Amino acid sequence: MEAVKAEAWEGAAVAQDLLALGYGGVPGAASRGASCPDFRGLCVRLAAELGTLGALEQQREAGAEVLSAGDGPGAEEDFLRQLGSLLRELHCPDRALCGGDGAAALREPGAGLRLLRFLCSELQATRLLCLRSLLDPSPRPPLGEGVVEGAGMVQELDLTLQALGLPRPAPGTPASQLLQELHAKISELQPSLPPGSLQPLLSCSLDAPRWEALESLSQSLRDQYRCRRCLLLKRLDLTTSAFHWSDRAEAQGEAMRAVLIPIREVLTPESDISIAHVLAARADLSCLVPATSVAVRRGTCCAINKVLMGNVPDRGGRPNELEPPMPTWRSRREDGGPQCWGRKKKKKKK
């Protein structure tokens, strides 16, 4: 009974995905799998759009169709053979469908729906990526080939390789191989770390209400950080503009702008801290180290710390150190004019 309900729910989900993609409903013979021509035809249409959108290297290189439905006696075998290579290229997580005996796997209850669900999800993701590339016209080179040095992911990966003492990967290195090398190096260095050094800072489990509370707190902090960063950036703009007021800066104005403008454009009010940084934080991050300690000063000391400031004028601002002024005696006026010591009487209104 539970299996029937699960299959019905899966069929409804696949039908909803197909309607959202514009392919109509699920064919009635989908439960028969590859033996049904309608099922094969629907899979061919989904795979053809994936190849058109550039999600398949096979069709982009060879120029041939990825799947063929066919109607002859060997159509099912050809379809299953092509389907196996297609699923392996798409890195399908369903090992039963990617295995050698794909015909037996597709004859199992619900296997055809699982295949359609996977193809629909891949097509949805590919459409979103294509839409993103249309909205963002900046070129996005493939992984490992001519990547921009300033990209955030590449920069983080470069810093990770430097910290682990690994060389930079050669162009065209698969991401799976690079991750395996990182995992092996980290596993090699992990026993040499002090005990408890990799304990997470956020140790409690997160359910749906806690995720919502964490996201709400993160959004509030981002708003506060944005307000503070806007204030600091405005102060920076006013300070840098004050350097251009002097007469000596007129001759060096263009040179000053050439130095300041590239630095200023990088500073944005938006914070790049997200929940991912909280999840990746370790327990040692909560240890407070004095800023004047010897260990910290090794990394923060520089030549400017030894420069002594000269005498500066006293700007005051200490009213508690000042005594109230005493009244002084002044002599009579020299012209001998009358002096009124009392209050002036107010004139009565008539």
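Me: Why is histidine 91 called exposed?

Reply: Histidine 91 has a relative accessible area of 67%, and exposed means over 50%, buried under 20% and partly exposed in between (1.4 Å probe, protein chains only). Histidine 91 is therefore exposed. This is a predicted model, in which local features need pLDDT of at least 70 and side-chain atom pairs count only at pLDDT 80 or more, while totals for chains, interfaces and linings use all residues. Residues are numbered from 1 along each chain as its sequence is written, and side-chain values use heavy atoms, with hydrogens and water left out.

Me: Where is histidine 91 placed, and what is its phi?

Reply: Histidine 91 sits in the loop between H4 and H5; helices are DSSP runs (H or I, at least four residues) numbered from the N terminus. Its phi is near 55°, a positive value in a residue other than glycine. Most residues other than glycine have a negative phi.

Me: Why is cysteine 92 called buried?

Reply: The relative accessible area of cysteine 92 is 3%, so this residue is buried.

Me: How do you know whether cysteine 120 is buried or exposed?

Reply: Cysteine 120 has 0% relative accessibility and therefore counts as buried.

Me: How many disulfides does a search of the whole structure find?

Reply: The search finds 0 disulfides, a disulfide being a pair of cysteine sulfur atoms within 2.5 Å. For cysteine 120, the nearest cysteine sulfur belongs to cysteine 43 and is 9.0 Å away, and cysteine 120 is in no disulfide.

Me: Which residues touch the most other members of the largest nonpolar core?

Reply: They are Leu46 and Leu115, in a core of 34 residues. Such a core is a set of buried Ala, Val, Leu, Ile, Met, Phe, Trp, Tyr and Cys residues joined through side-chain atoms within 4.5 Å. H7 gives the largest share, 8 residues. Leucine 46 touches Leu18, Tyr23, Leu116, Leu119, Cys120 and Leu123, not counting residues up to four places away in sequence; contact means heavy atoms within 4.5 Å.

Me: What makes proline 37 partly exposed?

Reply: Proline 37 has a relative accessible area of 45%, so it is partly exposed. Proline 37 lies in helix H2. From proline 37 to glutamate 76 the C-alpha to C-alpha distance is 8.7 Å, although they are 39 residues apart in sequence.

Me: Why is valine 259 called exposed?

Reply: Its relative accessible area is 52%, and valine 259 is therefore exposed. Valine 259 belongs to helix H11.

Technical notes
Helices (H or I, at least four residues) and strands (E, at least two) are DSSP runs, numbered from the N terminus.
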